[in-house]
Amino acid sequence: MIHRLSYAFANWIGKHTTESQPVPVMAYGIEILLNTFIQLGAILILAYWLGHFGPALAVLMAFSLLRIVSGGKHLSTFWRCTVADVILINFLAWTAVQVAATHWSIHGPLLFLLMAGTWFSVHRYAPVINPKRPRSRLQVHGRRYSKAVVLAATVLAAIFYPFSATLSAAIGLGMATQGASITPVGCKAVDHLDRWLSSISSKIFIFNLRRDP
Amino acid sequence: MMKRLLLSCTQFLATAFAFIAIVGVRPNSSLWLYEPEIPEELMK
């Protein structure tokens, strides 16, 4: 739906302008913009409603920044991705609140292990190259950039810790989730999730067809 | 008057969307768990 909407809008712009931008390029830009607005809106509105807007924003930034430089597998449709993102980010934000509520002797070592695990993961597996994308600096230097992002996030999490352990836990969990998603097990898990969501959506589709008179 | 305004608006939008497309195709991965199909024109 978003894909068709983007093409329709790009076609309309193409007809009404003398600009020599190809329609598929404009449609791609529109689709990126629409995806971002819809998913960001859905994640943050739900987080605000559930009362963990701050941790959700921290999880989102940590997860997304590392994902841009380290890469990762994707789900095959926009709606599957939106549902997965909304549930994942809000679940991680809720987990960060629960983790921060425990005694420091429990969450301290846990956060250390999460950051160490993320560092190992990016050191071993980043960047996950998508052969469909044109070669860029991020692909060539993805590992170095990923390590820099993990290091900067660890320093930020340590600075925030005395003021808000929840924010530190949110940063750690966001990073660790993205770090885990680039490991071979994580890539397989994303594939399984994609197939599972596909089977659910096909079941819902068949159920709706049966309900139609 | 309106036609010229529409033309300049669409020209601005065309440039803005093409810019987003060029910037968006550069990272290893899109921000989220889904990425749109990359057009041939951006693969150069």
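Visitor: Before anything else, what counts as buried here?
Guide: A residue is buried if 20 or more other C-beta atoms lie within 10 Å of its own, exposed if 12 or fewer do, and partly exposed in between, with C-beta atoms placed from the backbone. By that rule, buried residues make up 38% of the 213 residues in chain A. This is a predicted model, in which local features need pLDDT of at least 70 and side-chain atom pairs count only at pLDDT 80 or more, while totals for chains, interfaces and linings use all residues. Residues are numbered from 1 along each chain as its sequence is written, and chains are lettered from A and ligands numbered from 1 in the order in which they are written.

Visitor: What's the secondary structure of chain A?
Guide: Chain A has nine helices and zero strands, where helices (H or I, at least four residues) and strands (E, at least two) are DSSP runs numbered from the N terminus.

Visitor: Which residues of α7(A) are buried?
Guide: They are G142(A), Y145(A), S146(A), V149(A), V150(A), A153(A), T154(A) and A157(A). Their cover includes α3 (53–70), α5 (104–125), α6 (137–140) and α8 (165–181) of chain A, with two residues taken to be in contact if their C-beta atoms, placed from the backbone, lie within 7 Å.

Visitor: And how do α3(A) and α7(A) cross?
Guide: Their axes, which are lines fitted to C-alpha atoms over the stretch in contact, with angles running from 0 to 180 degrees between N-to-C directions, come within 8 Å and cross at roughly 160 degrees. The two helices are therefore roughly antiparallel to each other, since angles over 145 degrees count as such, under 35 as roughly parallel, 65 to 115 as roughly perpendicular and the rest as oblique.

Visitor: Which residues make that contact?
Guide: From α3(A) come A62(A), L65(A), L66(A), V69(A) and S70(A), and from α7(A) come G142(A), Y145(A), S146(A), V149(A), V150(A) and A153(A).

Visitor: Switching topic, how many residues of chain A are in contact with chain B?
Guide: In chain A 43 residues are in contact with 29 residues of chain B. On the side of chain A that touches chain B, the largest share, twelve residues, comes from α2(A).

Visitor: Last one: where does F91(A) lie, and is F91(A) buried or partly exposed?
Guide: F91(A) lies in helix α4 of chain A and is partly exposed, because 14 other C-beta atoms are within 10 Å. F91(A) and W104(A) are 13 residues apart in sequence and 21 Å apart in space, C-alpha to C-alpha.
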